Amino acid sequence: MTQPSASAGQPVWILGATSGMARGCAIELAKRGHPLYLSGRDDEELRRLALDLSVRYGVTVHHGEFDIEEIDSHADALKQVIETCGGLYGVVFAIGYLGDHLKAREEWREANAIIVRNFTGAVSVLGLAANHLEKQADGFIIGVTSVAADRGRQSNYPYGAPKAGLSAWLAGLRNRLAPTGVRVIEIKPGYVDTAMTYGLPGLFLVADPNDVGRDIVRALDKSRDVLYLPGFWRLIMLIIRSVPEPIFKKMKL
Amino acid sequence: MALAELQTQITGWGRYPLHPGRLNRPEKIRDLRLPESGGAIARGQGRAYGDAATPHDNELAVQTERLNRFLAWDPMAGLLTLEAGATLSEVIEFAAPRGFFPRVAPGTRLLSIGGAIAADVHGKNHHHMGSFGSHVSEIELTLASGETVVCSPREDAELFWATVGGMGLTGFIRQASIQLQPIDSVWVSARHYPCANLDEAFRIFEDPLRDDQHTVAWVDALASGPNLGRSVVMAGHHAVRDELPPHVADNALALKPKKERNFPLDLPAWALNPLSVKMFNALYYKTQAAKTAPFVCDIESFFFPLDAIGQWHRLYGKRGFAQFQCLIPRARAHEGVREILERAAKARKASFLSVLKRLGPGNPAPLSFPDDGYTLTLDLPYNDKLPAFLGELTDRLTSYGGRLYLAKDAFATPEQFRIGYPQFDQWLAVKQRVDPEWRIRSALSQRLGMEVGQ
Ligand SMILES: Cc1cc2nc3c(=O)[nH]c(=O)nc-3n(C[C@H](O)[C@H](O)[C@H](O)COP(=O)(O)OP(=O)(O)OC[C@H]3O[C@@H](n4cnc5c(N)ncnc54)[C@H](O)[C@@H]3O)c2cc1C
């Protein structure tokens, strides 16, 4: 069993809580004794996840609906979390929307939905949370981006680009908050075995979402600011980034 | 949005038979439902040996493994409500440190609660506790129509009992409330009784002084002649603190960390032959028979010895194997078990694992397997002669008024099934009510001719 850490008892807000990876995070945080606030669009699923965590690990788990695309609602959502939990110590941003890259070529609505859910919305809600944590000068923000942020490829650049934007934004935020002691961690997962990837042909090195979720939280115990999960993706992406553009642009990726 | 599907070959734990089919894997409870058209069957952990969790050719199996959330726990009543994709292993990890244990535990903990209900599984304590379904207080079911209903022994009892032992054919089990029993420790106080032959084994089983909460016999199915039925009866009960050595008594509810090793490869067909199995059995008999004094052992090795080696079915190679598990009513059990063992020994069918166990009275579920009598289990590697051999064996079995366990079977015919399960018509009436078009169907329901009128 995981030992409760020094920050046990401090509430954590999980955005996009119904994803497999987020569930893995929630389990690890609950084992460490953190009360949780789960946000997402699917109330029935949030309720079941909250029950599961509180039955199994005996922590207090709240939940509430949250729509990343409703930017105007973000301030109230944050207020709601802080009031319900009596404070806020950490935020895990696990919202990700792969979208349909072919549709995104034809329809701006789809392209924009991908941008809002992966970037603009994140900037809005994490920006608000960052201001709160900055004042309290303690806590953390974990943002889940993707290995797709590292290099644009024809098959998923509508998704990779906003994730790359978020990546740069988190780096800047980390720079700003460093003096306050608030940690900003970026997680770049590779392929994870979730509904997003289930049944896709030709996928390799698919990781278990519970393992990835657990390792996301374990990033708090380490000093690294940007983490590839599973770790070997760091090497893979190093290679992929180093392919010269004149060659890369001719590859079918 | 429709869930992504995986086109693949689907099979049970015995790896025979193999059917082309599609799999999907819902992560949200509302996606545990039928496709727009065509048939489907729910699939838990795929621990049924035969084709119970295998769809008709190219139809859909809905895997429940991600629907495993615990929803409520009442420690006063020992009642746990959970989604049906959760495994018994998860239940034990949750319950044991809190001083509780499933009332019924089959030989593996790597099965889902849905699978445990659908097959109405039994443990080593059936003669005292009955089967799994007898300790389920409520089931939430999604019917073929898409409607979700609740049933229990009080509320729509007919649907409840048709679902218990109903091999997934009445609906998709979403969640259930199961009754746990308090325990004092995660240890078992056990004792072995070596038996030179079948007569001795039956004598021990019937002797109330040797019986315990959990009693089962491992049988050397290759022993013949005067040694026929050579076996070791293993009896045990959940240890109370006084029975434990001091160093464990202090921490009596702490589970050992799990160490699972995977069986590394598919063995070639010749590896399991009468000689190698005979040698294994002789060695096993010698070591197990020696433990005549009471000893304390951990829950894992007492209840789930096979789980220590993941993927152990690879032992039987790529062609797979069959498990022949039958029930013979009490009055003719001794005679029937003798004949089956004789036939197996004579045919030199190398059964690696053979188990004999006394069962108690059954429950009201029309398709539930366990009932008053004895159950014998043989594991047999697949070869071309196996179907004919099992066909004969099953005919002999039915002549004793016996039946096969549907969660293990892959070979029985519609006639053999009907003789073994005389209450089928009662079950069918409920099926016709909740799924008249047989949208929920499996390779098993097709093979056994259950889909009458279709
Ligand atoms: C090593 C080993 C030891 C075993 N020992 C025993 C034993 O001692 N006693 C015993 O009784 N059995 C025993 N079994 C058999 C096993 O317990 C049953 O086959 C059980 O049904 C397997 O559960 P599963 O989750 O793997 O189900 P699967 O094999 O996936 O499915 C089995 C059946 O359950 C149905 N099902 C599964 N989930 C649902 C759901 N959510 N809703 C509706 N239907 C569902 C399927 O449709 C199918 O008909 C053993 C099996 C193994 C591999």
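**Reading contacts, cysteines and backbone**

Reply: In this predicted model, the side chains of B:Gln63 and A:Tyr198 make a polar contact at 2.8 Å.

Me: Where is B:Gln63 placed in chain B?

Reply: B:Gln63 belongs to strand β4, residues 60-63. The relative accessible area of B:Gln63 is 13%, and the cut-off for buried is under 20%, so B:Gln63 counts as buried.

Me: Which residues is B:Gln63 in contact with, leaving aside neighbours within four places in sequence?

Reply: From chain A there is A:Tyr198. From chain B there are B:Leu23, B:Asn24, B:Arg25, B:Pro26 and B:Arg43.

Me: How many disulfides does a search of the whole structure find?

Reply: The idea is a distance test: two cysteine sulfur atoms must lie within 2.5 Å. Over all chains, the search finds 0 disulfides. Take B:Cys326: the closest cysteine sulfur is in B:Cys195, 18 Å away, so the pair is too far apart for a bond.

Me: Is B:Cys326 buried or exposed?

Reply: B:Cys326 is buried, at 1% relative accessibility. B:Cys151 is also buried, with a relative accessible area of 0%.

Me: Which peptide bond into A:Pro230 is cis?

Reply: The bond joining A:Leu229 and A:Pro230 is cis, with omega about -15 degrees. A:Pro230 sits in the chain A loop between β7 (226-229) and α8 (233-242). In chain B, the bond from B:Tyr16 to B:Pro17 is cis as well, with omega near -10 degrees. B:Pro17 lies in the loop between β1 (6-11) and β2 (18-24).

Me: What is the phi of B:Asp120, and what is the phi of B:Met167?

Reply: B:Asp120 is not a glycine, yet has a positive phi of about 40 degrees. B:Asp120 is in the chain B loop between α2 (113-118) and α3 (126-129), and is buried at 0% relative accessible area. For B:Met167, phi is near 50 degrees, again positive in a residue other than glycine. B:Met167 is in the loop between α4 (157-163) and β10 (172-182) of chain B and is buried at 8% relative accessibility.

Me: Which residues make the nonpolar surface patch?

Reply: A:Phe204, A:Leu205 and A:Phe232 make the patch, of about 280 Å². Of these, A:Phe204 is partly exposed at 44% relative accessibility and lies in the chain A loop between β6 (183-189) and α7 (209-218).

Conventions. Residues numbered from 1 in each chain as written. Chains lettered and ligands numbered in written order. Predicted model: local features only at pLDDT ≥ 70, side-chain atom pairs only at ≥ 80, totals over all residues. Heavy atoms only, no water. Buried < 20%, exposed > 50% of the residue type's maximum accessible area, 1.4 Å probe, protein only. Patch = residues over 30% accessible without salt bridge, like charges linked within 9 Å, V, L, I, M, F, W, Y side chains within 5 Å. Areas by Shrake-Rupley, 256 points an atom, 1.4 Å probe, with all protein chains shown as cover. Salt bridge = Lys/Arg side-chain N within 4 Å of Asp/Glu carboxyl O. Helix = DSSP H or I, 4+ residues; strand = E, 2+ residues; numbered from the N terminus. Polar contact = N/O pair within 3.5 Å; in protein donor to acceptor, adjacent residues only side chain to side chain. Contact = heavy atoms within 4.5 Å.
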